[in-house]
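These are my notebook entries on one structure. I record what I looked up, and in which order.

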Amino acid sequence: MLLEGLRPVAASEPVLRADDLGVLRGEAVFETLRIAGGRPAHLAAHLQRLVLSAARLDIALPAGFAELAVAASEGLDDGVLRLVCSKGAPGAGPVGFAVVTEVPAETRQAREHGVSAVTLTLGLSAAQRAEAPWLLGGVKSTSYAVNMASLRAAAAAGAQDAIWLSSDGWVLEAPTATVVVSVAGELVSPPASVGILAGTTLAVVQELVPVAVRPVSAAELAGADEVLLLSSVRGVAAVVELDGRPLGLGPVGKDLRDRFEATLLR
Ligand SMILES: Cc1ncc(COP(=O)(O)O)c(C=O)c1O
């Protein structure tokens, strides 16, 4: 569905010009939301982050994304909603649109049974993205080729997901999720200052249980009782095997998953 006039379009219909800077340079921002009960879940938090991402890419975000999200979700019980705003072609305005798809079977599977993961270095120190804001740490732009390549590297290593470590040994995030570890009865997640995306799922989870936000070392991750990956569509997914070490589906992850799912319709 196009933002302009909230016009429904078939996914096969072109909506971007070939010279759009989103296409040519990756200068586009997006949000991925869960559609639950005909509504986009936790919409306000996603819209806030979309505004921040657009500002960092100098994209003049048009008004109307809230209405677009609501209109695109109508009548769907369960689904995936992507809100996208591309910078547009030189001399033309930004282009906003929404894409609705089904929740992939492997996502449901991961929610239910967890995922295996491997750690991969991102090749940057934990401080680097704060020191160099042009690396766009914390921005949800469509330049996700590195994220997708990381998932392919994980798959080549026989795992379903990856957890990025900094070059100086700190936990960052997963290519499409926030990392939370359970260590000695405490839930901990790395701070946004290491250049990661501020997760909306983490924010919802923090309303349910205390989660300390502080740097997490690779050693802490390796010794954690439970490791969880948080993201809007998959929800709370347990890491059942990390770098070959079996972790299984633990009680903390199961409880948080169920409680997060219950927030989707509120
Ligand atoms: C790199 C990255 N980190 C974290 C997240 C989790 O964000 P959210 O919980 O808002 O979906 C995502 C979601 O897609 C992501 O792509």
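How many nonpolar, polar and charged residues does the shell around the ligand have? I counted by class and found 6 nonpolar, 8 polar and 3 charged residues. I note here that the model is predicted, and that my entries rest on computed values.

Entry on the neighbours. I looked up which of the 17 residues around the ligand come nearest, and these are Y144, E173, T200, T201 and S232. I then asked which elements supply the shell. Helix α2 (43–56), helix α7 (200–208) and strand β10 (226–231) each contribute at least two of its residues.

Entry on polar atoms. I checked the side chain of R49 and found one of its N or O atoms 2.8 Å from an oxygen atom of the ligand. For K140, I likewise found a side-chain N or O atom 2.8 Å from a ligand oxygen. In S232, a polar side-chain atom lies 2.7 Å from an oxygen atom of the ligand. I next looked up the area: the ligand taken alone exposes 380 Å², of which the protein buries 94%.

Entry on the pocket. I looked up the space that the ligand takes, and this space is the largest pocket.

Entry on aromatic rings. I searched the whole structure and found 1 aromatic pair. The ring centres of F30 and Y144 are 5.2 Å apart and the planes stand at 85°, so I recorded the pair as edge-to-face. I then located both residues: F30 lies in strand β1 (residues 28–36), and Y144 in the loop between α5 (128–131) and α6 (145–156). The pair therefore ties together parts that are 114 residues apart in sequence. Y144 is also listed among the residues that come nearest to the ligand.

Methods:
Residues are numbered from 1 along each chain as its sequence is written. This is a predicted model: local features need pLDDT of at least 70, side-chain atom pairs count only at pLDDT 80 or more; totals for chains, interfaces and linings use all residues. Side-chain values use heavy atoms; hydrogens and water are left out. A residue is near a molecule or strand if one of its heavy atoms lies within 4 Å of it. A polar contact is a pair of N or O atoms within 3.5 Å; within protein, one must be able to donate a hydrogen and the other to accept it, and residues adjacent in sequence count only if both atoms are side-chain atoms. Accessible areas come from the Shrake-Rupley method with a 1.4 Å probe; for residues, only the protein chains shown count as cover. On a 1 Å grid over the protein atoms alone, a cavity is a set of points where a 1.4 Å probe fits but cannot get out, and a pocket is an open set with protein on both sides within 12 Å along at least five of seven lines; lining residues have an atom within 4 Å of a point. A molecule sits in a cavity or pocket if more than half of its atoms lie within 2 Å of its grid points. Helices (H or I, at least four residues) and strands (E, at least two) are DSSP runs, numbered from the N terminus. Ala, Val, Leu, Ile, Met, Phe, Trp, Tyr, Cys and Pro count as nonpolar, Asp, Glu, Lys and Arg as charged, and the others, Gly among them, as polar. Rings of Phe, Tyr and Trp (its six-membered ring) pair if their centres lie within 6.5 Å; planes under 30 degrees apart count as stacked, over 60 as edge-to-face and the rest as tilted.
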